[in-house]
Amino acid sequence: MSTTSLKTEFAFVLPRGYVDAEGNIHRDGIMRLATALDEVEPLQDQRISVNSAYLSILLLSRVVTRLGNISPVTHTVIQSLFASDFAYLQEIYLRLNEGAHEVETQCPSCGARFALDLLSDETS
């Protein structure tokens, strides 16, 4: 019998960060793997019938469990992200939930670009 556990939560750091009402920047967060319900339930939301692009906002608000000290992360937070951060979270979501687990990112300090394996427990 195997005792291997499945990793379901993944840390990330937003390129720019969410700026809250007090001016605090929240960059580090946690995203969990999506469930079937995460992908199906938002389809019942009326906002999607008006604008299908809103589905991404609802999906991310379900799977991003923490952003800085914000938890839960609501659709209001997700829709207030800078476009680059929103795109970054969409890329992570797709890679985590569709099988490709490597994402290209950039060091916020020095600007060096590198590949990051989202499933690796190793940190550099």
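This is a predicted model: local features need pLDDT of at least 70, side-chain atom pairs count only at pLDDT 80 or more; totals for chains, interfaces and linings use all residues.
Colleague: How far apart are Leu55 and Leu43 in sequence and in space?

Modeller: The two are 12 residues apart in sequence, and their C-alpha atoms are 7.2 Å apart. Leu55 belongs to helix H3, residues 54-63; a helix here is a DSSP run of H or I with at least four residues, a strand is a run of E with at least two, and both are numbered from the N terminus.

Colleague: Why is Leu55 called partly exposed?

Modeller: Its relative accessibility is 22%. Buried means under 20%, exposed over 50%, and partly exposed in between, with a 1.4 Å probe and protein chains only. Leu55 therefore falls in the middle class.

Colleague: What makes the Asp28 and Arg66 pair a salt bridge?

Modeller: The N to O distance between their side chains is 3.3 Å. The rule asks for a side-chain nitrogen of Lys or Arg within 4 Å of a carboxyl oxygen of Asp or Glu, so the pair qualifies. Asp28 is in strand E2 (residues 25-32) and Arg66 in strand E3 (residues 64-67), so the bridge ties together parts that are 38 residues apart in sequence. Asp28 has a relative accessible area of 38% and Arg66 one of 26%, and both count as partly exposed.

Colleague: Which salt bridges does Arg62 form?

Modeller: One is with Asp38, where the closest N and O atoms are 3.0 Å apart. Arg62 lies in helix H3 and Asp38 in helix H1 (residues 36-40), so this bridge joins parts 24 residues apart in sequence. Another is with Glu41, at 2.7 Å between the closest N and O atoms. Glu41 sits in the loop between H1 and helix H2 (46-50), 21 residues from Arg62.

Colleague: Which residues do shared partners join into one network?

Modeller: Arg32, Asp38, Glu41 and Arg62 are joined in this way by salt bridges. Across the protein, the rule gives six salt bridges.

Colleague: How do you know what span to expect of helix H5?

Modeller: The expected span is 1.5 Å times one less than the number of residues. H5 (residues 83-98) has 16 residues, and its 22 Å from first C-alpha to last is close to the 22 Å expected.

Colleague: What puts the buried residues of H5 on the same side?

Modeller: Asp85, Phe86, Tyr88, Leu89, Ile92, Tyr93 and Leu96 are buried. They cover an arc of only 160° around the axis, which places them on the same side of H5; the arc is taken from the directions from the helix axis to the C-beta atoms. On the other side, Ala83 and Glu98 are exposed.

Colleague: What makes E1 and E2 a strand pair?

Modeller: Two strands pair if DSSP finds at least two bridges between them. Strand E1 (residues 9-19) and E2 have seven, in the antiparallel sense, so they meet the rule. Phe10 stands opposite Met31 in E2. The hairpin of E1 and E2 has five residues between the strands, and there Gly23 takes a positive phi near 90°.

Colleague: Why is the Ser71 to Pro72 peptide bond called cis?

Modeller: Its omega is near 0°. Most peptide bonds are trans. Pro72 is in the loop between E3 and helix H4 (75-79).

Colleague: What does the protein as a whole come to?

Modeller: There are five helices and five strands, in the order β-β-α-α-α-β-α-α-β-β from the N terminus. Of its 124 residues, 31% count as buried.

Methods:
Residues are numbered from 1 along each chain as its sequence is written. Side-chain values use heavy atoms; hydrogens and water are left out.
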